[in-house]
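Here is a short tour of a protein model, written for someone new to reading structures. Keep the picture open as you go, and try to find each residue as it comes up.

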Amino acid sequence: LSATVPNYEEFAGWVGRTKRRPVYTVHTSYRPTPLRHFLHFQGRTMPLLDAEGFHCEAFHKIKEIMAEKKKPPVRKVKHVTVKFESRPFGMTPLKAG
């Protein structure tokens with residue numbers, strides 16, 4: 001059975017009852033192939049789990065990348081001057097001269 005089956009004894013019992021034969025289980029913590037998990041996000045691959053344990057830095061890095069992505073782009077400020085003149089209806093401005 002695979003090492004990922006948590007109830008291997010129960011499963012072995014079921015197989016034994018179904019096949020009407022004795023089933024023996026063996027348990028070991030030896031792993032011929034190391035268990036490693038990686039997190040791949042936007043072209044970046046970061047270790048998530050290996051022989052040293054769980055690496056939470058990968059999740060923190062993803063959160064940083066996503067936070068940067070959500071920020072609105074910085075826009076260049078353009079200054080515009082608007083001048084308003086008000087004069088009573090029917091009046092025209094004076095001409096210089």
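## Starting at a tyrosine

Tyrosine 24 is exposed, with a relative accessible area of 70% (exposed means over 50%, buried means under 20%, and partly exposed is in between, using a 1.4 Å probe and protein chains only). You'll find tyrosine 24 in the loop between helix 1 and strand 1. Its C-alpha sits 9.0 Å from that of glycine 13, and the two residues are 11 apart in sequence.

Before going on, a word about what you're looking at: this is a predicted model, where local features need pLDDT of at least 70, side-chain atom pairs count only at pLDDT 80 or more, and totals for chains, interfaces and linings use all residues. Residues are numbered from 1 along each chain as its sequence is written, and side-chain values use heavy atoms, leaving out hydrogens and water.

## The overall layout

What does the protein contain in the way of helices and strands? There are two helices and three strands, and along the sequence they follow the pattern α-β-β-β-α. Both kinds of element are DSSP runs numbered from the N terminus, with at least four residues (H or I) for a helix and at least two (E) for a strand.

How much of the protein is buried? Of its 97 residues, 9% count as buried. The accessible surface comes to about 10,100 Å², and 58% of that belongs to carbon and sulfur atoms (areas come from the Shrake-Rupley method with a 1.4 Å probe, and for residues only the protein chains shown count as cover).

Now for contacts, meaning heavy atoms within 4.5 Å. Take the contacts with a separation of 6 or more: residues 24 or more positions apart account for 9% of them.

## The sheet and its hairpin

The three strands make an open sheet in the order 1-2-3, with antiparallel pairing. Strand 1 and strand 3 are the edge strands, since each pairs on one side only. Two strands count as paired if DSSP finds at least two bridges between them; strand 1 and strand 2 pair over five bridges, in the antiparallel sense. Within that pairing, histidine 40 stands opposite threonine 45, and phenylalanine 41 has arginine 44 as its bridge partner.

Strand 1 and strand 2 also form a hairpin with two residues between them. Glutamine 42 is in that turn, with a positive phi of about 50°, and glutamine 42 is not a glycine. It's partly exposed, at 47% relative accessible area.

Arginine 20 is another non-glycine residue with a positive phi, near 55°. Look for arginine 20 in the loop between helix 1 (8-19) and strand 1 (37-41). Is this residue buried or exposed? Arginine 20 counts as exposed, at 77% relative accessibility.

Helix 2 lies across strand 1, strand 2 and strand 3, running at about 150° to strand 2 (axes are lines fitted to C-alpha atoms, for helices over the stretch in contact, and angles run from 0 to 180 degrees between N-to-C directions). Leaving out residues up to four places away in sequence, arginine 44 touches Leu39, Lys61 and Ile65. Arginine 44 and isoleucine 62 are 18 residues apart in sequence, with 9.5 Å between their C-alpha atoms.

Histidine 55 lies in the loop between strand 3 (53-54) and helix 2. This histidine is buried, with a relative accessible area of 12%. Pro47, Leu48, Leu49 and Asp50 are what histidine 55 touches, again not counting residues up to four places away.

Side chains of opposite charge can pair when their charged atoms come close.
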